[in-house]
Amino acid sequence: MNVTTTFHGNVVQDIRLAKEAGYTGIELQSPKLYRYLDAGYDVRTLPPLLDGLEVTGLGAVLDIERQGAAREDYLAEVTRMCEIAVAVGAPIIQLCTGPVDWEVVRAHRAGTLSADDPRYRATLGLDEDAAVRVTGANVRAAADIAADHGLGIYLEPLAWARLNRCRHALDVIEEADRDNVGIALDTWHFWTTGDTLAEVRALPPELIKAVHLSDGLDLDRAHDVPDQSVHRNVVIGGGSIPLQQWVDAVKATGYDGWWVTEMFSDRANEQDPALVARTMRDLTAILVS
């Protein structure tokens with residue numbers, strides 16, 4: 001269970017709900033996780049709460065292309081997440097391509113992103129090769145930090161980002177040239193960008209470190225900048241993604257790892273989170289059986 005499944009809870013509630021719903025693993029995420037720690041709770045209070053659940057991974061370090069002084073902040077975030085991962089027994093941390101703000105992408109595409117706009121723009125404006133080089137160098141640095149902690153990295157290309165495709169993730173991994181880097185295969189991001197089931201079936205299974213099962217709504221891929229608050233605002237199983245086909249394509253690679261429920265549904269978020277967690281757990285069991 002990714003903690004977006006029980007969206008409005010906190011870390012303690014999410015752990016309890018995951019156990020009660022019958023999950024065997026939990027993917028902790030930085031907004032809730034950092035909120036808990038920043039409130040003054042020691043990370044050593046988490047393992048007793050987690051007893052009976054495997055922490056499958058921690059996410060996410062965002063806007064990973066940062067340069068200059070901001071690059072030092074990025075590496076500090078990687079280090080912090082690695083230290084937390086070691087403390088809670090997670091084997092891997094997540095990195096996401098940027099910019100995480102899709103409004104910046106929308107403005108750039110419309111030609112209204114002025115040179116003095118202070119918002120982070122990642123590799124917007126760079127050609128693809130340059131974007132891969134910049135991102136790959138930062139992933140390499142993160143991978144070295146992770147390796148020092150005995151950890152791996154799973155890279156998730158966000159659907160609206162400059163580097164957003166399956167092939168981009170593979171190019172960045174090749175550029176990073178580290179054997180502890182793989183992919184978080186998110187069905188929403190892959191399907192939304194137009195990545196295909198054939199591309200999924202061609203992936204080496206050892207590169208897939210987790211599969212995020214997430215649904216989405218149709219969009220005009222040629223003109224729309226994917227907006228997570230709109231195009232991902234649906235209950236898993238209630239959207240347009242043929243999830244069983246995607247599960248079958250992943251299984252065809254030989255992948256035998258974690259299947260993770262990740263959801264951004266306003267309607268689900270206003271229901272009993274225990275019911276939501278159980279329903280998503282049952283649906284996942286049907287899809288992957």
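## Starting from W188

Is W188 buried or exposed? W188 counts as buried, because its relative accessibility comes out at 0%. Keep in mind that this is a predicted model, so every number below is computed from predicted coordinates.

## The aromatic pairs

Searching the whole structure turns up five aromatic pairs. One of them joins F7 to F264: the ring centres are 6.0 Å apart and the planes sit at 70°, so this pair is edge-to-face. F7 belongs to the segment before α1 (11-21), while F264 is in the loop between β7 and α12 (266-269), so the pair ties together parts that lie 257 residues apart in sequence. As for accessibility, F7 counts as partly exposed because its value is 32%, whereas F264 has a relative accessible area of 17% and is buried.

Then there's W160 with W188, a tilted pair with 6.3 Å from centre to centre and 55° between the planes. W160 comes from the loop between β4 and α7 and W188 from helix α8, so this pair ties together parts 28 residues apart in sequence. W160 is buried, with a relative accessible area of 4%, and W188 counts as buried at 0%. W102 comes in here too: W102, W160 and W188 form one aromatic cluster.

Which loop holds R232? R232 is in the one between α10 (228-231) and α11. Despite being an arginine, R232 counts as buried, at 2% relative accessibility. R232 also brings us back to W188: the two are 44 residues apart in sequence, and their C-alpha atoms are 7.5 Å apart in space.

Once neighbours within four places in sequence are set aside, R232 is in contact with D186, W188, H189, S214, D215, G216, D227, E262 and F264. On the polar side, the side chain of R232 makes a polar contact with the side chain of D186 at 2.7 Å, plus another with the side chain of S214 at 3.0 Å.

## R165, a partly exposed arginine

R165 sits in the loop between β4 (152-156) and α7 (166-176). With a relative accessible area of 22%, R165 is partly exposed. Leaving out neighbours within four places in sequence, its contacts are P157, T193, G194 and D195.

What does the R165 side chain do with D195? The two side chains make a polar contact at 2.8 Å. The side chain of R165 also reaches the backbone oxygen of T193, at 3.4 Å. For a distance across the model, take R165 and G59: these residues are 106 apart along the chain, and their C-alpha atoms are separated by 19 Å.

## Arginines over rings

Two other arginines are worth a look in the viewer. R80 lies over the face of Y34, at 4.1 Å from the ring centre. R221 puts its charged end over the ring of W191, 4.6 Å from the centre of that ring.

## Helix α11

Which residues of α11 are buried? In this helix, residues 243-252, the buried ones are L243, W246, V247, A249 and V250. Looking down the axis of α11, they fall within an arc of 160°, so they line one face of the helix.

The buried residues of α11 pack against β5 (181-186), α8 (187-193), α9 (197-201), β6 (208-213), β7 (259-261) and α13 (273-288). After α11 comes G254, which has a positive phi, near 95°.

## Cysteines

How many disulfides are there? The count is zero. The sulfur of C96 has its closest cysteine sulfur in C82, 14 Å away, which is too far for a bond. For the sulfur of C166, the closest cysteine sulfur is in C96, and at 15 Å that is too far for a bond as well. A disulfide would need the two sulfur atoms within 2.5 Å.

Both of these cysteines are away from the surface by the accessibility criterion: C96 is buried, with a relative accessible area of 3%, and C166 counts as buried at 3%.

Definitions and conventions. Residues numbered from 1 in each chain as written. Predicted model: local features only at pLDDT ≥ 70, side-chain atom pairs only at ≥ 80, totals over all residues. Heavy atoms only, no water. Helix = DSSP H or I, 4+ residues; strand = E, 2+ residues; numbered from the N terminus. Buried < 20%, exposed > 50% of the residue type's maximum accessible area, 1.4 Å probe, protein only. Contact = heavy atoms within 4.5 Å. Polar contact = N/O pair within 3.5 Å; in protein donor to acceptor, adjacent residues only side chain to side chain. Arc of directions from axis to C-beta. Phe/Tyr/Trp six-rings, centres within 6.5 Å; stacked < 30°, edge-to-face > 60°. Lys NZ or Arg CZ within 6 Å of the ring centre and 35° of its normal.
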